[in-house]
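Trainee: Could you walk me through this structure, one topic at a time?
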Amino acid sequence: VSVVNALSKQLECWVRRGGKEYNIGFRNGAVSSKLEVVGTVGQRNTGTTVRFWPDGKFFDSDKFSIPQLRHTLKAKAVLCPGLRITFTNEFTGEKDEWFFAGDLGAYLVDELGKSERLPNEPITGKREQDQDTVEYAICWAPAAENPIAESYVNLIPTSAGGTHDSGLRDGLFTAVKSFIELHSLLPKGVKLMPEDVFARSSFVLSAKVLDPQFQGQIK
C-alpha cells in the first residue's frame, strides 16, 4: 500500500479491530488526517478498507483496466485455495466471485478453455521444504492462440521470470530428455534443445518463500 499511496492523489484507509474503527488519510503521499478512532464495531467485525485515487501524472491513463484487474483477482484466488474473492464494478453493476479449492491444474484448464491439451489433465506437483513451498501445473496446448505462462512469488506476478521459472524449465527439460534417451526416441543427428520442450507449453508456477530476493522490480 505504500507504493499505491505514493502514486495516488488521495488515499483513505479504515481498519476495524478490537471493537473499534480507525481511519487515516493521505494526499499526494503525505498524511492529511492522522490515525484516529472514528467509531465502534462488533468484536468479530474485523477487516481493512482502502480507497485510492490514482494520480494521472504517473500513468498513461488513470483509468483501471478491468480485464487485467479481474485476471489478477482470479489468480489470487487460485493461489490461495479456500479464499473467496469478490469483484464489484459499481459503474456497471457487474459482479464476479472466485473460489478455488483445488490445485493449479484446474485454473490452467479454465484459462486454456477448449484448446486441445497434452496431456488432457495438466501435470501438477507440489513440494514443501522448511517454510518454502512450490507448486506448478503444466501441459502443452499446440493450438492455443495465447499460451499461458504465469509465475508468482508470494502471490506477486513475476512476468520477467526468475530462478523459480528457470528451475521449472530446467527440471522439465531434464526429465523429458532423460525419458527420450532412455527409450531411444530421438532421431540420429537431432539435438534436443530446451525450447523444443517448452514450445507451445502452458504453465502456472507459484513459489511461496519466507525470504525472497526480488531484483529489478518495476513499481
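This is a predicted model: local features need pLDDT of at least 70, side-chain atom pairs count only at pLDDT 80 or more; totals for chains, interfaces and linings use all residues.

Trainee: OK, what secondary structure does the protein chain have?
Mentor: The protein chain has five helices and eleven strands, where helices (H or I, at least four residues) and strands (E, at least two) are DSSP runs, numbered from the N terminus.

Trainee: And is the chain compact or spread out?
Mentor: It is more spread out than a compact globule, because its radius of gyration is 22 Å, well over the 17 Å that the globule rule gives for 219 residues. That radius is taken over C-alpha atoms, and the rule is 2.2 Å times the number of residues to the power 0.38. Along the principal axes, the C-alpha atoms fill a box of roughly 75 × 40 × 35 Å.

Trainee: How much of the chain is buried?
Mentor: Buried residues make up 29% of the 219 residues, with buried meaning under 20% relative accessible area, exposed over 50%, and partly exposed in between (1.4 Å probe, protein chains only).

Trainee: Switching to rings, how many aromatic pairs are there?
Mentor: A search of the whole structure finds three aromatic pairs. Rings of Phe, Tyr and Trp (its six-membered ring) pair if their centres lie within 6.5 Å, and planes under 30 degrees apart count as stacked, over 60 as edge-to-face and the rest as tilted. One of them joins F52 and F64 edge-to-face, at 5.9 Å centre to centre and with 75 degrees between the planes.

Trainee: Where do those two sit?
Mentor: F52 is in strand β4 (residues 47-54), while F64, twelve residues apart from it, is in the loop between β4 and α2 (66-79). At 32% relative accessibility, F52 counts as partly exposed.

Trainee: What about F100 and Y107?
Mentor: They also form an edge-to-face pair, with 6.5 Å centre to centre and 85 degrees between the planes, and both F100 and Y107 are buried.

Trainee: Last topic: how many disulfides are there?
Mentor: The structure holds zero disulfides, a disulfide being counted as a pair of cysteine sulfur atoms within 2.5 Å.

Notes: Residues are numbered from 1 along each chain as its sequence is written. Side-chain values use heavy atoms; hydrogens and water are left out.
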